[in-house]
Amino acid sequence: MALLKLAHMGNPLLREPAAAVDDPTAPWVRRLVRDMIETMQDANGTGLAAPQVHQPWRIVVFFVSSERLSGLTGDVAQDLTVLVNPRIELLGDERVFGWEGCLSVPGMRGVVPRHLHIRYRATGLEGEPIEREVVGFHARVVQHECDHLDGLLYPQRMVDLRHLFFLEELERHPVDLATLLKETRPR
Ligand code: NI
């Protein structure tokens, strides 16, 4: 077991598309995933993608806490899950705004639009197929993590960079999402 070094925004690896894994059951994948989980838990993250620990592979680990669900049907809690070679299918056109943070953008939070409703497919560590249809926060976490595999970080999905905050300031000046979304955007 080992804690892995986290790459931060600006590291070129975080802009690169990651490579598909030929054999999701290979021992090196299991070792990497074990260390990714330990690293994510140590940093209090809800998800981690392999490029964030300098490993350019299409592997993601995440969980969805019941405390953070939106209350929408289909926004379901999820135990720790490993996705190898995940693919996302966007269902419908509806997008919703929500708060995100990222272990590669430490100390910050931003308001990010994401598709409300998705289906994702991947392979698990035993080679088993995974397929789930989800909405809300669960869908947000998966979209965020899979973006890492395509070289994207959440600030690059934001539509209003005024809504990118240092967590320290946000704690000093709390503001709710609805208030922010009502702000008129300057021309
Ligand atoms: Ni992230």
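C102 and H144 are both buried, where buried means under 20% relative accessible area, exposed over 50%, and partly exposed in between (1.4 Å probe, protein chains only). For C102 the relative accessible area is 8%.

This is a predicted model, in which local features need pLDDT of at least 70 and side-chain atom pairs count only at pLDDT 80 or more, while totals for chains, interfaces and linings use all residues. Residues are numbered from 1 along each chain as its sequence is written, and side-chain values use heavy atoms, with hydrogens and water left out.

## The nickel site

The nickel ion has the protein donors C102 (SG), H144 (NE2) and H148 (NE2), at 2.1 to 2.3 Å from the ion. Donors are N, O and S atoms within 2.8 Å of the metal (3.2 Å for Na, K and Ca); water is not among the atoms, so sites may look incomplete.

Along the sequence, the donor residues follow the spacing C-x41-H-x3-H. C102 in strand β4 and H144 in helix α2 are 42 residues apart, and the pair links distant parts of the chain. Helices (H or I, at least four residues) and strands (E, at least two) are DSSP runs, numbered from the N terminus.

## The sheet and the helix across it

Three strands form an open sheet in the order β4-β5-β8, and their pairing is antiparallel. Two strands count as paired if DSSP finds at least two bridges between them. The edge strands, each pairing on one side only, are β4 (95-102) and β8 (164-166). On average, neighbouring strands of this sheet are turned by 20° against each other, direction ignored. Strand β5 (residues 105-115) is joined to β8 by three bridges. G110 has L164 in β8 as its bridge partner.

Helix α2 (residues 136-149) lies across β4 and β5 and runs at about 60° to β4. Such axes are lines fitted to C-alpha atoms, for helices over the stretch in contact (heavy atoms within 4.5 Å), and angles run from 0 to 180 degrees between N-to-C directions.

## Cysteines and N11

The structure holds zero disulfides, a disulfide being a pair of cysteine sulfur atoms within 2.5 Å. C146 is in no disulfide, and the nearest cysteine sulfur, that of C102, is 13 Å away. C146 counts as buried because its relative accessibility is 8%.

N11 lies in the segment before α1 (27-42). N11 counts as partly exposed because its relative accessibility is 23%. N11 and C146 are separated by 135 residues in sequence and by 17 Å in space, C-alpha to C-alpha.
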